[in-house]
Amino acid sequence: MDQVRPILQSHPHWPAVEAIYHRLTENGYKAFLAGGCVRDALLGVKANDLDIATNATPDQIEGLFEKTINVGKVFGVMRVLIGGADIEVATFRNDGVYQDGRRPDNVEFSSPEEDAERRDFTVNALFYDLENHQILDFVKGQEDLKKQLLRTVGDAKKRFTEDHLRLLRGARFAAQLDFAVEPATLAAMKELSAMVKTVSGERLRDEMGKLLKAKNVPLGLRILQETNLQEALFPWRGPDVEWTAYSGCEIWQNLSLFLRKAQDSDLQKSLDLLRLSTKERRGIEDAWNLWQNPEAFLSQRLGFQLQLLQKPGKLWALEVLMKEGLHQDLILAVLTTFKSFGEELPKPFLSGEDLKGKLQGPAIGQCLQEAYNLQLEGQLKDRAQAVKWLEKYLH
Ligand code: ATP
Ligand code: MG
């Protein structure tokens with residue numbers, strides 16, 4: 001049975017999990033691995049995090065371990081810091097009534113069965129009993145895993161109405177796992193899609209970020225479209241917009257691809273909605289601007305191009321165009337030169353000091369810019385050459 005254990009054991013946090021498990025069981029509590037890590041192990045994949053579920057309450061967890069962090073005691077979520085690892089240890093609970101479409105008014109600590117029932121999808125509701133190495137499955141999650149189906153635990157409409165974020169999680173997990181969404185679950189997503197508008201910008205950013213770097217992004221996007229979730233969030237993004245195969249490592253890079261064909265005002269609306277950091281926003285805008293008119297970028301002199309590539313969004317946009325085969329020779333030349341400088345462009349040989357008393361106003365900037373362009377283009381090799389050049393320039 002136990003093909004799951006070697007995968008779990010290979011996780012760097014396994015020793016920490018064992019230590020927590022022993023401490024809990026020695027004190028008469030139960031401890032299971034729960035949620036995503038069990039799902040992933042059954043799929044033969046190493047999980048991001050190993051999460052523990054237990055019948056010990058947050059106060060009891062706090063009493064048993066030296067270092068704990070209270071993530072949300074009332075919701076039964078603690079973190080235990082042990083052996084350099086940071087492990088979520090959550091108390092079995094059932095969620096009370098949901099009134100705000102986001103979180104339950106209150107939770108009650110309860111049994112593993114009830115804890116499985118409050119989870120979103122059946123494949124996310126499995127436990128692994130660390131004592132007897134058994135999977136505990138109260139919701140037929142293993143059956144859905146085998147069928148590669150994403151299905152809500154219990155009534156889909158009820159579960160999405162409770163917590164609107166689950167609508168997006170549905171599309172995200174389908175894309176990550178490359179699973180079909182079970183028909184009743186999909187129908188409920190479609191019926192309730194407008195509720196997704198209440199999801200916070202941070203959550204939206206995180207979920208879209210995960211969806212856009214998933215195993216099957218086109219599937220996730222198709223689900224967003226079919227269920228009208230996309231229309232509720234990004235009404236401008238037509239169903240005809242193709243997903244490019246060139247995803248990046250960072251959320252903003254993938255969002256930039258998603259937003260690439262947006263009109264300027266729609267881009268701004270989307271960026272506001274997603275609550276991005278200034279850096280992420282700038283990256284997307286810089287890429288978007290370059291994509292609007294690559295020729296304008298490429299027709300500038302090399303020195304200017306190289307300086308612009310210091311902006312992550314410009315560099316990313318050009319790398320994408322390169323992969324797409326557009327202006328390949330031109331782009332390869334500029335990217336190769338840019339990368340030949342290593343981590344960053346060199347400091348300018350000349351500074352304002354060199355021009356003191358020699359030039360006034362905007363002429364100073366123009367002169368320094370010209371010198372820097374020549375330096376980047378390889379025509380001025382060192383400061384001595386730059387100083388000589390300056391003498392001629394001022395003549
Ligand atoms: P990932 O690999 O993306 O971390 P995960 O399954 O661990 O996947 P998390 O968002 O980390 O997903 O959540 C951990 C577990 O908590 C889920 O597997 C699920 O059982 C439960 N869960 C998380 N968010 C919700 C939610 N909004 N509603 C119901 N259950 C949830
Ligand atoms: Mg997780």
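Colleague: Which residues gather in a patch of positive charge on the surface?
Modeller: This is a predicted model, where local features need pLDDT of at least 70, side-chain atom pairs count only at pLDDT 80 or more, and totals for chains, interfaces and linings use all residues. Residues are numbered from 1 along each chain as its sequence is written, and side-chain values use heavy atoms, with hydrogens and water left out. A patch takes residues with over 30% relative accessible area and no salt bridge, like charges being joined within 9 Å; a salt bridge is a side-chain nitrogen of Lys or Arg within 4 Å of a carboxyl oxygen of Asp or Glu. The positive patch on the surface is made of Arg 103, Arg 203, Lys 210 and Lys 213.

Colleague: Is Lys 213 buried or exposed?
Modeller: Lys 213 sits in the loop between helix H10 (201-211) and helix H11 (217-226); helices are DSSP runs of H or I, at least four residues, and strands are E runs of at least two. Buried means under 20% relative accessible area, exposed over 50%, and partly exposed in between, with a 1.4 Å probe and protein chains only. At 53%, Lys 213 is exposed.

Colleague: What is the phi of Lys 140?
Modeller: Most residues other than glycine have a negative phi. Lys 140 lies in the loop between strand S9 (134-136) and helix H6 (141-147). Although Lys 140 is not a glycine, its phi is positive, at about 60 degrees.

Colleague: Where is His 327 found?
Modeller: His 327 also has a positive phi, about 45 degrees. At 27% relative accessibility, His 327 is partly exposed. Its place is the loop between helix H18 (312-324) and helix H19 (328-340).

Note on methods:
Chains lettered and ligands numbered in written order. Patch = residues over 30% accessible without salt bridge, like charges linked within 9 Å, V, L, I, M, F, W, Y side chains within 5 Å. Areas by Shrake-Rupley, 256 points an atom, 1.4 Å probe, with all protein chains shown as cover. Lys, Arg positive; Asp, Glu negative; His and termini not counted. Charge placed at Lys NZ, Arg CZ, Asp CG, Glu CD.
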